[in-house]
Amino acid sequence: MTTVTLPDGKELQLESGATGADAAAAIGPGLAKAALAITANGEVLDLARELPDGAAISIITEKSDEALDLIRHDAAHVLATAVISLYPGTKVSIGPAIDNGFYYDFEFPEGVTISDGDLPAIEKRMKEHIKAAEVFERSDISVEEALERFRSLGEDYKVELIEDLITNEGATTVSLYRNGEFTDLCRGPHAPSTDRIKAVALQSVAGAYWRGDSNRKMLTRIYGTAFLSKKDLEEHLVLLEEAKARDHRKLGRELGLFKFSEVSPGSAFWLPKGTKLFNELVSLSREMGEPRGYTEVKTPLLYDSELWKTSGHWDKYRQNMFLTETEDRSMGVKPMNCPGHAHLFGSQQWSYKDLPVRYSEPGLLHRNEPSGTLHGLLRVRHFCQDDAHVFCSDDQVQEEVAACLEFAFATYKLFGLEAKLELSTRPEQRVGDDELWDRAEGALRTALDEGGWEYTVNEGDGAFYGPKIDLHITDSLNRSWQLGTVQLDYSMPERFNLTYTGADNADHRPVMIHRALMGSYERFVGILLEHSAGDLPFWLAPTQVQVLPVADRHAEHAEAVAAELRAAGLRVEADTRSESIGRRIREAELAKTPVMLVVGDREIETGDVSVRERGVGDEGSESVASLAARLAARASDRSA
RNA sequence: GCCGAAGUAGCUCAGCUGGUCAGAGCACCUGUCUUGUAAACAGGGGGUCAGGGGUUCGAAUCCCCUCUUCGGCUCCA
């Protein structure tokens, strides 16, 4: 007899050797049909697997969270099945389920290249295999047998995977899964058969290094997605369309914010409206920084290479810097502000009473990013961080870190963004001894714990000079972005020999905290545009109010209204073109202008304006004076 | 940097296998209309078909190189 426990705590008696399918059938015929797999003691198993006696089980159906991953992994196998039959001689490697879909990496035979145009045929073949309801059949064999099998097939990647399983995990057996003609080395689990994949679509072809190593062979990756119903797939495709419509590169062009040009790859040209937006964000940093004790500085763009040697960037990151030479001196354009700030701090004497010193600088940075990595505003060569460096004593670290986090949360709140925190600890390659790292990581943990902030830990992902806290936000399309970072640095003060005089009249080494909250203004604008679909909040909109005279004879009055609102500090334009009022309203709406004012004979008579709100419509009349006061208040309240 | 794809007017795109293939819509300019809450009407100007080289009687179209962009991979101090 096998006894298992159901989620409701009831026990179920089964014949010994009973499988997941047996358990599902014992519960009910409906469930037996709906079952995709089974969890036993937290581990997901195929329905055909024998259940361990005494296990706590729960049946996975289409309603379960695990279901999507399961059938996407199934779909990856079906993709491989289709590819192998269409392109004989193709070597397979790995094909996992991922967020939103799955992929499989292949090495196609010499001379065969796959492009997007080949996907429909592959997809068609996949659907044939799905319709055929091929059973996923598991077999466990010895590693020797597996090695021989895959060697004889010339499946080099599988052989390497098995060898690694032996070396790293001491594996003596491995599992294989067969569906139709295709047998794959696979840990499982899988649904009972291929027809459980209700909707599948191939999406793109890409290159991907074998095992993510840029020194190894580049394989061909095919991305696809699968769902439990056609409707879910449709909805997903609609979401992708929506994301495409919100692409910040598209919005930047349509709203006249910025452009890119071949003459300076990876660098934005900011148009007047985009510059307004950009400058508003810089102002925000300044206004929020001032009461928090930040002082703004301006440091050079170009430095003697000696400075980069001192900072350590010369050895580690020279290939990503723009270098030049003048009068036989080697110079480098700054990829970050910290060495300049460290140098500046070191250029004068400091007392412990002066600390913390908080230097901020929206400095212009250049990084020579590899051409293939550039992406709109999100990955650029020329950008500006909302950067600051705090120089403080050891015992001020915790408080300063907490203050940085408070600053970050206050900033994000204005945009309706909520952040998740991630603590990254010491990496393999690092400077400084373990005691220092213990102290640094301890300070960050304490700051997080005492602030009552929830966080996850990312072991080994810290910077080489210190641990850090990264801040991630989730946007309106549920995509995650890293924005801010707060990093502790014990290394740079050492390299620049920074000191302050303590109460004991001895020299002490300050700690340096690097922090950027929005990240870079460029990247932040990109994320903000995609998050808001271009509907920027009133305080941030490049044009806040568009005045629209009904006919030419009202133009003068419209200009007068605009002038009155400008005097109240608002960004106002008057569209006095002889186009129809309908067209000008439409264009103002498309330009995402928050407020439109229509003025004609009636308004001249009464002195009122007719107010229209973006995306809402006509809101009736209001006197110019009352409107000016109302909108000025709205503009000054960034949280509104 | 690596793999794949693309680059035709300011924008979105048509132009199949080389021979009125340099086009359309929007935008722009000019004229008419003088407008009441999401697109008035008519006419007109505009492109070294990314750049360079080649094949051909003839190239936007075929081949090679370069640049840029897009989708990924690696990277992102």
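How do the residues of the lining of the second largest cavity divide into nonpolar, polar and charged? They divide into three nonpolar, three polar and two charged; here Ala, Val, Leu, Ile, Met, Phe, Trp, Tyr, Cys and Pro count as nonpolar, Asp, Glu, Lys and Arg as charged, and the others, Gly among them, as polar.

This is a predicted model, in which local features need pLDDT of at least 70 and side-chain atom pairs count only at pLDDT 80 or more, while totals for chains, interfaces and linings use all residues. Residues are numbered from 1 along each chain as its sequence is written, chains are lettered from A and ligands numbered from 1 in the order in which they are written, and side-chain values use heavy atoms, with hydrogens and water left out.

**Cavities and pockets**

On a 1 Å grid over the protein atoms alone, a cavity is a set of points where a 1.4 Å probe fits but cannot get out, whereas a pocket is an open set with protein on both sides within 12 Å along at least five of seven lines; lining residues have an atom within 4 Å of a point. Grid points are joined across faces, edges and corners, and a volume is the space filled by probe spheres set on the points. Two cavities of 30 Å³ or more are counted by this rule.

| Space | Volume | Lining by class |
|---|---|---|
| Largest pocket | about 1,100 Å³ | 14 nonpolar, eleven polar, ten charged |
| Second largest pocket | about 690 Å³ | 14 nonpolar, eight polar, ten charged |
| Largest cavity | about 120 Å³ | six nonpolar, three polar, three charged |
| Second largest cavity | about 40 Å³ | three nonpolar, three polar, two charged |

The largest pocket is lined by 35 residues, and Met336, Arg367, Phe383, Gln385 and Gln487 are the closest to its centre. At least two lining residues come from each of helix H11 (313-317) and strands S22 (382-392), S25 (468-474), S26 (480-489) and S29 (511-520). Helices (H or I, at least four residues) and strands (E, at least two) are DSSP runs, numbered from the N terminus.

Around the second largest pocket there are 32 lining residues, with Leu165, Leu185, Cys186, Arg187 and Gly188 nearest its centre.

Residues lining the largest cavity include Leu255, Lys273, Pro542 and Arg614. In the second largest cavity, helix H15 (residues 491-495) contributes the largest share of the lining, three residues; His313, Phe464 and Asp489 are among the lining residues.

**Helix packing**

Helix H9 (residues 272-289) packs against helix H16 (residues 521-532) at an angle of about 110°, their axes lying 10 Å apart. H9 is therefore roughly perpendicular to H16. Axes are lines fitted to C-alpha atoms, for helices over the stretch in contact, and angles run from 0 to 180 degrees between N-to-C directions; 65 to 115 degrees counts as roughly perpendicular. Leu277, Phe278, Leu281, Val282 and Ser285 in H9 meet Tyr521, Glu522, Phe524 and Val525 in H16, contact meaning heavy atoms within 4.5 Å. By class, this contact has seven nonpolar residues, one polar and one charged.

**Backbone features**

Most residues other than glycine have a negative phi, and most peptide bonds are trans. Gly188 and Pro189 are joined by a cis peptide bond with omega of about -5°, and Pro189 is in the loop between S11 and strand S12 (199-209). The bond from Leu355 to Pro356 is also cis, with omega near -5°. Asn41, which is not a glycine, has a positive phi of about 50°.

Notes: Parallel < 35°, antiparallel > 145°, perpendicular 65-115°, else oblique.
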